[in-house]
Amino acid sequence: MAERDLVSEIRKVDGKGYRSYRDLKGSYVLEDWTLFIDHVQGDTFAAPSRMRLRIPQKEARFPEWTYSSRIREIALRDLIARRFWEAGRMRARGGMGTGGSGKISIPRPGQEILERSSVVINNKFIEVRFTAGLPAQARRIEGDSAIELLTEHLPTIVRESMLFDSYKEKRIQQHIWCAEDAHALRSKLEPMGLVAFIADGSILPRKSGVDQWPLSNAVPFRSPLSLRVKVDLPNVGRVTGMGIPKGLTLIVGGGYHGKSTLLEAIKHGVYDHMPGDGRELVVTVEDAVKVRSEDGRRVEKVDISPFIGNLPGGLSTNDFSTDNASGSTSQAANIMEALEVGTSLLLIDEDSSASNFMTRDRRMQMLVSKDNEPIKPFVDRIGPMMESQGCSCVLVVGGSGEFLDIADTVIMLSSYVASEVTKVAKDVAATFPSDRESEAEEPFSSSYSRVPLSKSLDPSRGGKDVKVSAREVDILTFGKEDLDLSSLEQLVDLSQTRTLADAMVLAWQMMDDETSMAELSAKVTDRIKEKSLDCLGDVNGERAGFRSHELIGAINRLRSLVVYQKDRST
Ligand code: ADP
Ligand code: MG
C-alpha cells in the first residue's frame with residue numbers, strides 16, 4: 001500500500017459521520033515513527049480505537065543492557081508503560097468532544113512489575129499499544145482535534161516516555177535492579193530452606209483497602225534475631241530479613257496487631273514490586289497459593305476426601321460436585337485444587353477460613369460424635385498433607401491454640417513487631433495439653449487427576465462468536481457466564497484478568513478430553529512463554545502476565561465445567 005499522509009487522510013473525513021473514521025485504518029509515517037491504526041471505534045462512547053506506535057531502536061536508543069535478560073526486558077517494558085500511562089493522563093485526558101474524545105491511554109499499571117503487552121521492545125524497535133478516543137462532537141468528526149491529538153499530543157507523550165533520553169539512566173537502573181534483586185532473592189529461597197523472606201525495613205501495610213500504596217508512618221518490618229538471615233543480592237548487595245523456613249509456620253498475636261498484613265505481604269511476594277512500594281524485598285516461592293473458604297462456589301468432581309468424609313445422604317467426597325459449596329467444602333476444594341496444579345506453600349488466614357474446617361474442640365467432639373461429623377479437621381490433616389505433598393504452610397491463627405503442637409515455627413506479632421515464640425509455644429502446649437482427640441490419622445492421599453471436557457468450556461456455545469472479557473479484576477465474563485474470581489486473591493491486575501479470559505479460550509482450544517487440568521495449565525503457559533502474550537488473539541496492549549494457579553482457578557469456577565477423573569496410577 002502506498003504510504004498515506006495522516007493529516008490529509010483525517011482532512012478527508014473531517015465533518016463527516018463517525019463511521020468515516022474507519023477509512024483511517026492502516027499505517028502511517030509519523031515523524032520518524034510508524035503509527036498503526038488497527039481498530040476504529042464505532043462512536044465516541046464505544047471502546048476507544050486501538051493503535052500502535054513503533055519507533056526504530058536507532059532513534060529510541062535503549063541500550064542493550066536495559067533488555068538483555070527476560071527479567072530486565074519485563075521490568076523495562078513495565079517502566080515505560082508506567083511513564084506512557086502518566087504522560088497520557090497529563091497530555092491527552094479527553095475533553096475534545098463527546099464521550100472519550102481525545103483520550104490516549106493504556107491500562108494503568110499497579111504496584112507489581114508484570115509482563116505487559118502494552119509495550120514491547122527488541123533490538124530493532126520499541127512499540128506501544130495504546131487506545132485513543134477519536135474526537136467527535138456528537139457523531140460529527142472533529143478533524144482538527146484528531147490532527148492535534150495524533151500529531152501533537154501523541155508525539156509529546158511518546159517523547160516523554162519512549163525514548164531512552166527521556167529518562168534519567170538511574171531511574172531505569174533502579175526499576176530493573178529492583179526486579180532483578182527480587183528474582184535473585186526468590187531463587188535463593190529454596191537452597192536456604194525457606195519459603196518466604198521479608199527484608200528488614202520493608203513496609204507491609206497498605207494505605208487502604210482500595211489504595212495499594214504503602215501506609216505512611218507505618219512501623220517498618222524488623223526480623224526477630226532468631227529468624228534473621230543474610231542474603232547477598234546482585235544489585236543492592238547484602239540484605240537482612242526474616243526467613244520463613246519450610247514446614248508449618250504460625251503467625252499469632254492479638255487482634256489488630258498486624259497478622260493478616262504480614263500474610264498479605266507474603267501472598268503478594270509471588271510478584272515483584274516497583275521501587276517505593278515497600279515490599280520490593282518481600283518475596284515468596286512463586287507457586288505459593290492463598291486459600292480461603294468460599295461458600296457458594298461451584299465445585300466439579302474434586303476429591304475432597306482427605307478433608308471431608310461421609311456427607312449426609314451418602315454424597316461422595318471422592319468426586320465431590322456442587323453448585324453451592326459450604327464454607328468447609330469450598331475450603332477443602334480450594335486446597336485440593338491448589339495441590340492439583342502444584343504448590344509448595346499454602347497460605348491460610350483464620351479470618352477467611354471456615355472455623356469448622358480448621359479444628360473441632362473437645363466439647364464439640366463430645367456433643368457431636370465423629371460419625372456425624374464429615375469434616376476431618378485441618379489441624380489433624382495438615383501434618384499428613386505437608387508430608388505427602390511436600391508442601392509448607394503459613395497459617396495465621398488468633399483464636400485457636402490447637403495448632404501449637406504441630407507448628408515448626410511460631411511468629412508472634414505485637415504492635416506490628418515480630419518475635420519468634422516457638423519455644424514458648426511448645427512449653428505452653430506441653431503445660432496445657434490439648435484435650436481434643438485426633439480425628440483422622442489415615443494417610444493423606446488422592447489418586448485422581450481431573451480431565452476437563454472441551455465441550456463444557458465452549459464459550460461460543462457452538463456459535464461462531466467467542467465472547468470473553470473482564471470488567472474488573474475479579475469479574476470475568478466467559479461466554480454467557482460471569483465468573484466471580486474474588487477468592488483468587490493473588491489476581492492483582494485487571495490486565496491479568498483480561499488475559500486469563502483469553503487464556504481460557506486457548507485452553508479450551510487445546511483441550512482434547514485427555515489432558516489433565518495440571519497438564520493443560522502447563523501447556524497454555526508454555527505456549528505463551530514461547531510465543532508471547534500476543535498469541536492470545538488480537539494484538540493489543542491490554543494483557544499482563546499471570547500464573548497457572550489463577551488460570552486453573554478460573555476454569556474450576558465455571559458453572560458449566562465438566563471433568564472426568566482419571567486414576568493417576570493407570
Ligand atoms: P490482625 O490480622 O492481627 O487483626 P491486621 O493485619 O489486619 O491485624 O492489621 C490491623 C491494622 O493495622 C490494619 O489497619 C493495618 O493496616 C495496620 N498495620 C498493620 N501493620 C502495620 C504496621 N507495620 N505499621 C502500622 N500499621 C500497621
Ligand atoms: Mg487478621
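Predicted model: local features only at pLDDT ≥ 70, side-chain atom pairs only at ≥ 80, totals over all residues.
Residues are numbered from 1 along each chain as its sequence is written, and chains are lettered from A and ligands numbered from 1 in the order in which they are written. Local features need pLDDT of at least 70, side-chain atom pairs count only at pLDDT 80 or more, and totals for chains, interfaces and linings use all residues, while side-chain values use heavy atoms, with hydrogens and water left out.

The cores come first. A nonpolar core is a set of buried Ala, Val, Leu, Ile, Met, Phe, Trp, Tyr and Cys residues joined through side-chain atoms within 4.5 Å. Buried means under 20% relative accessible area, exposed means over 50%, and partly exposed lies in between (1.4 Å probe, protein chains only). In soluble globular proteins, nonpolar side chains tend to be buried together. The largest nonpolar core holds 56 residues. Those with the most contacts inside this core are Leu35, Leu53, Phe62, Phe84, Phe130 and Leu154. Helix 3 (residues 70-91) supplies the largest share of this core, nine residues. Helices (H or I, at least four residues) and strands (E, at least two) are DSSP runs, numbered from the N terminus. A second, separate core has 42 residues, including Val252, Phe307, Ile348 and Cys391.

Contact means heavy atoms within 4.5 Å. With neighbours within four places in sequence left aside, Phe130 contacts Leu35, Leu53, Phe84 and Leu154, among others. Its partners also include Ser49, Arg50, Met51 and Arg52, as well as Ile104, Ser105 and Ile106.

The ligand sites follow. The magnesium ion (ligand 2) is coordinated by Ser260 (OG) and Asp351 (OD), at 2.0 to 2.2 Å. Ser260 lies in helix 6 (residues 259-268), and Asp351 lies in the loop between strand 21 (345-349) and helix 8 (355-358), so the pair ties together parts that are 91 residues apart in sequence. Donors are N, O and S atoms within 2.8 Å of the metal (3.2 Å for Na, K and Ca); water is not among the atoms, so sites may look incomplete. Ser260 is partly exposed, at 24% relative accessible area. Asp351 is exposed, at 62%.

Ligand 1 has 13 residues around it. Val219, Tyr256, Lys259, Ser260 and Thr261 come nearest. A residue is near a molecule or strand if one of its heavy atoms lies within 4 Å of it. Polar contacts are pairs of N or O atoms within 3.5 Å; within protein, one must be able to donate a hydrogen and the other to accept it, and residues adjacent in sequence count only if both atoms are side-chain atoms. A polar side-chain atom of Thr261 lies 2.6 Å from an oxygen atom of ligand 1. For Ser260, a polar side-chain atom lies 2.8 Å from an oxygen atom of ligand 1. Gly258 places a backbone N or O atom 3.1 Å from an oxygen atom of ligand 1. Taken alone, ligand 1 exposes 560 Å², and the protein buries 78% of that. Accessible areas come from the Shrake-Rupley method with a 1.4 Å probe; for residues, only the protein chains shown count as cover.

Asp502 lies in helix 12 (residues 494-510). This residue counts as buried, at 19% relative accessibility. Beyond four places in sequence, Asp502 is in contact with Val468, Leu536 and Arg543. Leu551 is found in helix 14 (residues 548-556). Its relative accessible area is 0%, so Leu551 is buried. Leu551 touches Leu500, Ala503, Met504, Ser521, Val524 and Phe546, not counting residues up to four places away in sequence.

Several loop residues complete the description. Asn310 lies in the loop between strand 19 (299-302) and strand 20 (320-322). Asn310 is exposed, at 55% relative accessible area. It touches Asp371 and Pro374, residues up to four places away in sequence not being counted.

Most residues other than glycine have a negative phi. Glu31, not a glycine, has a positive phi of about 50°. Glu31 lies in the loop between strand 1 (26-30) and strand 2 (33-39), and is partly exposed at 41% relative accessible area. Ser532 also has a positive phi, near 75°. Ser532 lies in the loop between helix 13 (517-531) and helix 14, and counts as partly exposed at 27% relative accessibility.
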